[in-house]
Amino acid sequence: MPLRPRILNSMEVKLQRDEHWVIVDFEGRLDSFNFDLFSKKISTLIKMGKTLIAIDLSGITFINVQSLRFLISTSERLNKKNGYLALLSPHEKILQHIRKINHPHILNIHDHLAEVSPARNEVSP
């Protein structure tokens, strides 16, 4: 069920929910100008009890280190709640930035949400 899009300081955010997941679709630059709004949106979902969160990165044109560190801490936070943070479809340039900081592979990167089991934090075979 799609929700209405919101414009956050030149960053468009769309939320969709299915039976198990909240899918967050960001478009634009994920930089220090947008960081507070980005982090509050994700943190609010977790406070609402959402533990299966997928972030579609296909529309992200830039991501800064602060945002990457937030994603890592969010992934760890969700793991402690038996949840899962899936990062979906990052462009090659964004993927390179993620790989530089993603040690020891805390972030879960997938091409599509279908690669992840819907009710658990396991990758489908």
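Good morning. Of the 125 residues in this protein chain, 46% count as buried. Please keep in mind that the structure before you is a predicted model.

Let me begin with the overall layout. The chain contains three helices and six strands. Read from the N terminus, these elements follow the order β-β-β-α-β-α-β-α-β. If we take the contacts between residues at least 6 apart in sequence, 62% of them join residues at least 24 apart. As for the surface, the chain exposes about 7,100 Å², and carbon and sulfur atoms supply 51% of that area.

Which residues of the largest nonpolar core touch the most other members? This core has 28 residues, and the three in question are Val24, Phe26 and Ile55. The elements that contribute two or more residues to the core are β2, β3, α1, β4 (52–63), α2 (65–80), β5 and α3 (92–101). Val24 deserves a moment of attention.

My next topic is the aromatic rings. A search of the whole structure finds five aromatic pairs. One of them is formed by Trp21 and Tyr84, arranged edge-to-face, with 6.2 Å from centre to centre and 85 degrees between the planes. Why does this pair tie together parts that are 63 residues apart in sequence? The reason is that Trp21 lies in the loop between β2 (11–17) and β3 (22–30), whereas Tyr84 lies in strand β5 (residues 84–88). Both Trp21 and Tyr84 are buried.

A further pair is that of Phe35 and Phe38, which is tilted, at 6.5 Å centre to centre and 55 degrees between the planes. Both residues belong to helix α1 (residues 35–47), where they stand three residues apart, about one turn of the helix. Are they buried or exposed? Buried means under 20% relative accessible area. Phe35 has 11% relative accessibility, so it counts as buried. Phe38 has a relative accessible area of 1% and is therefore buried as well. Together with Phe26 and Phe70, Phe35 and Phe38 form one aromatic cluster.

Finally, consider a charge placed over a ring. The charged end of Arg29 sits over the ring of Phe62, 4.3 Å from the ring's centre.

Thank you for your attention.

How values were computed: Residues numbered from 1 in each chain as written. Predicted model: local features only at pLDDT ≥ 70, side-chain atom pairs only at ≥ 80, totals over all residues. Heavy atoms only, no water. Helix = DSSP H or I, 4+ residues; strand = E, 2+ residues; numbered from the N terminus. Buried < 20%, exposed > 50% of the residue type's maximum accessible area, 1.4 Å probe, protein only. Contact = heavy atoms within 4.5 Å. Areas by Shrake-Rupley, 256 points an atom, 1.4 Å probe, with all protein chains shown as cover. Phe/Tyr/Trp six-rings, centres within 6.5 Å; stacked < 30°, edge-to-face > 60°. Lys NZ or Arg CZ within 6 Å of the ring centre and 35° of its normal. Core = buried A, V, L, I, M, F, W, Y, C linked by side-chain atoms within 4.5 Å.
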